[in-house]
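This report walks through one protein model, feature by feature. Keep the sequence and the 3D view open while reading.

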Amino acid sequence: MMESHAFENKNIAVFGLGKSGMATAERLTTGKAHVFVWDDNQGRRDLALSKGLVIKDLISDSWTATDALILSPGVPLTHPAPHPVVGMALKAGAKIVGDIEVFLKEKKAGKIIGVTGTNGKSTTSALIDHLLTSAGKSAALGGNIGTPVMDLPQLPEEGAYVLELSSYQLDLTPSWKADIAILLNITPDHLDRHGDMAGYAAVKCRIFQHQSETGIAIVDADDSICAAITSELKRHSKAKIVPISVNHPVEAGVYVIDGLLSDQSLDDQSWTLDISDIASLRGRHNWQNAAAAVAAASHLGLTPDEIENGLRTFGGLAHRMENVGSLDHVTFVNDSKATNAEAAEKALTSFNDIFWIAGGRQKAGGIEQLAPHFDRVREAFLIGEASESFANQLEGKVNYTICKDLEEATKAAALAAKKLSSGAIVLLSPAAASFDQFDSFEARGDAFRNFVTDLLVGDK
């Protein structure tokens, strides 16, 4: 893990003691910074105290001279209004940054690959890491995907850090500079935190900031906002621009048309590969993820054979169109990460003969935008707070059953799917948040996986 020395003898406040905040506070303390921490959660404060960290109420107490505030990315920096701790930091003359900024000051070697976008960044980041490690390269995966950056190891010069970055993290990293920067897409999200789409897009665009002529900028060519960003990059950036697409061929880029991947991103190398049969990369959204990952891997020196091997051995991520088992002709797919209609659409367009488990805490718009894909659904099994609303939106279009909970829905969907002669899919793709019945989408997906396991074991 990182050792922190850049802030030695400096006064550093850390607000928010989740995984990344706690790791940063510990590394800073080890590096002899004067660290004081706070979290609104008493349990996290108790844990910090047990680790020897100094607790200080950063909202109510007065601040002494402070060099920096390390702010949790979940805490509002500007919109809808700055959190009170932000005002306290500004009054104390402290710089406000996140853990990625600390990481950049501590890493000694290795390239940085940054991945952002509204959707797909976790899969793309994990796929790049897998391509590198399966080819025997030194790599470390972290950031928004799970492992705090301050818990990553120091890599050698030829190593590569693959960092998934949210808009919140980019907003807190003024010195961000990537060797390879990837922007997958931009669709409306987190607008309460960035004011409007223009503010959100401006923060996402920071993934390309400070790149030099040796930098690589990989950008979605299918998204209108990303296309506008590309035009700006062509005018102002020194980096090499590599477009990616799943709609049409792109010059000097990587594209996937009907499952056929074509890498034209290097002058001295072009090659194609059919990825339509790779289950973990099923669907156009995963083809985009693959295009971005291949572009990065090619510019990191991987051969086509190494890339193909990595693509074919990639297992995918949990809760993202995850195949959790099969019973006779019925396949069970866990897509619990699909917490809104836009995310669920990707799963619905990837399968036919779907027995769809949907519902939870409804988000704006419900499932109305999914109507063009209802013909792929044999029957829907509805759960949670959204059940009645989803039922109204499905009325007259898709047969549905309202279930008391996920366990009942899983059993009912499996029973109905078994009546088909072949190719049935029991799909958990809720198009809603989990918080009415579960603590997280992960907990919901884990429960579904356990229910499926019980069905598979019980059938033996």
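Helices here are DSSP runs of H or I, at least four residues long, numbered from the N terminus. The model is a predicted one. By that numbering, helix H5 covers residues 121-134. H5 has 14 residues. From its first C-alpha to its last it reaches 20 Å, close to the 20 Å expected at 1.5 Å a residue. Just after H5 comes Gly 136, with a positive phi of about 80 degrees.

Is H5 enclosed or open? Buried means under 20% relative accessible area. By that cut-off 12 of the 14 residues of H5 are buried, so the helix is largely enclosed by the rest of the structure. The buried residues include Lys 121, Ser 122, Thr 123, Thr 124 and Ser 125. Ala 126, Leu 127, Ile 128, Asp 129, His 130, Leu 131 and Leu 132 are buried as well.

## Nonpolar cores

The largest nonpolar core has 48 residues. Which of them touch the most other members? They are Leu 28, Phe 103, Leu 163, Trp 176 and Phe 208. A second, separate core has 40 residues. Ala 126, Ile 216, Leu 261 and Leu 317 are among its members. Ala 126 is also one of the buried residues of H5.

Take Leu 28 as a case. Residues up to four places away in sequence are not counted. Leu 28 then touches Ser 4, Phe 7, Ile 12 and Val 14, among others. Its contacts also include Ala 33, Val 35, Ile 70 and Val 102.

## The second largest pocket

This pocket has a volume of about 190 Å³. Its lining includes Ala 6, Phe 7, Lys 10, Asp 67 and Ala 68. Lys 95, Val 97, Glu 101, Lys 105 and Pro 174 line the pocket too. Phe 7 is also one of the residues touched by Leu 28.

What is the make-up of the lining? It divides into 5 nonpolar and 5 charged residues, with no polar ones. Strand S5 (95-97) and helix H4 (99-106) each supply at least two residues of the lining.

## Positive phi outside glycine

Lys 32 has a phi near 70 degrees, a positive value in a residue other than glycine. Lys 32 sits in the loop between helix H1 (19-30) and strand S2 (34-38). Its relative accessible area is 56%, so Lys 32 is exposed.

Asp 328 is not a glycine, yet its phi is positive, at about 60 degrees. The loop that holds Asp 328 runs between strand S15 (322-327) and strand S16 (330-334). Asp 328 is exposed, at 64% relative accessible area.

## Two partly exposed residues

Thr 147 lies in the loop between strand S7 (139-143) and strand S8 (160-164). Buried, exposed or partly exposed? At 34% relative accessibility, Thr 147 counts as partly exposed. Leaving aside neighbours within four places in sequence, Thr 147 contacts Leu 141, Gly 142 and Leu 152. Asp 335 is 188 residues away along the chain, and its C-alpha atom is separated from that of Thr 147 by 22 Å.

Lys 411 belongs to helix H14 (residues 406-417). Its relative accessibility is 47%, so Lys 411 counts as partly exposed. Lys 411 and Val 426 are 15 residues apart along the chain. Their C-alpha atoms are separated by 9.9 Å.

Note on methods: Residues are numbered from 1 along each chain as its sequence is written. This is a predicted model: local features need pLDDT of at least 70, side-chain atom pairs count only at pLDDT 80 or more; totals for chains, interfaces and linings use all residues. Side-chain values use heavy atoms; hydrogens and water are left out. On a 1 Å grid over the protein atoms alone, a cavity is a set of points where a 1.4 Å probe fits but cannot get out, and a pocket is an open set with protein on both sides within 12 Å along at least five of seven lines; lining residues have an atom within 4 Å of a point. Grid points are joined across faces, edges and corners, and a volume is the space filled by probe spheres set on the points. Ala, Val, Leu, Ile, Met, Phe, Trp, Tyr, Cys and Pro count as nonpolar, Asp, Glu, Lys and Arg as charged, and the others, Gly among them, as polar. A nonpolar core is a set of buried Ala, Val, Leu, Ile, Met, Phe, Trp, Tyr and Cys residues joined through side-chain atoms within 4.5 Å. Buried means under 20% relative accessible area, exposed over 50%, partly exposed in between (1.4 Å probe, protein chains only). Contact means heavy atoms within 4.5 Å. The expected span of a helix is 1.5 Å times one less than its number of residues.
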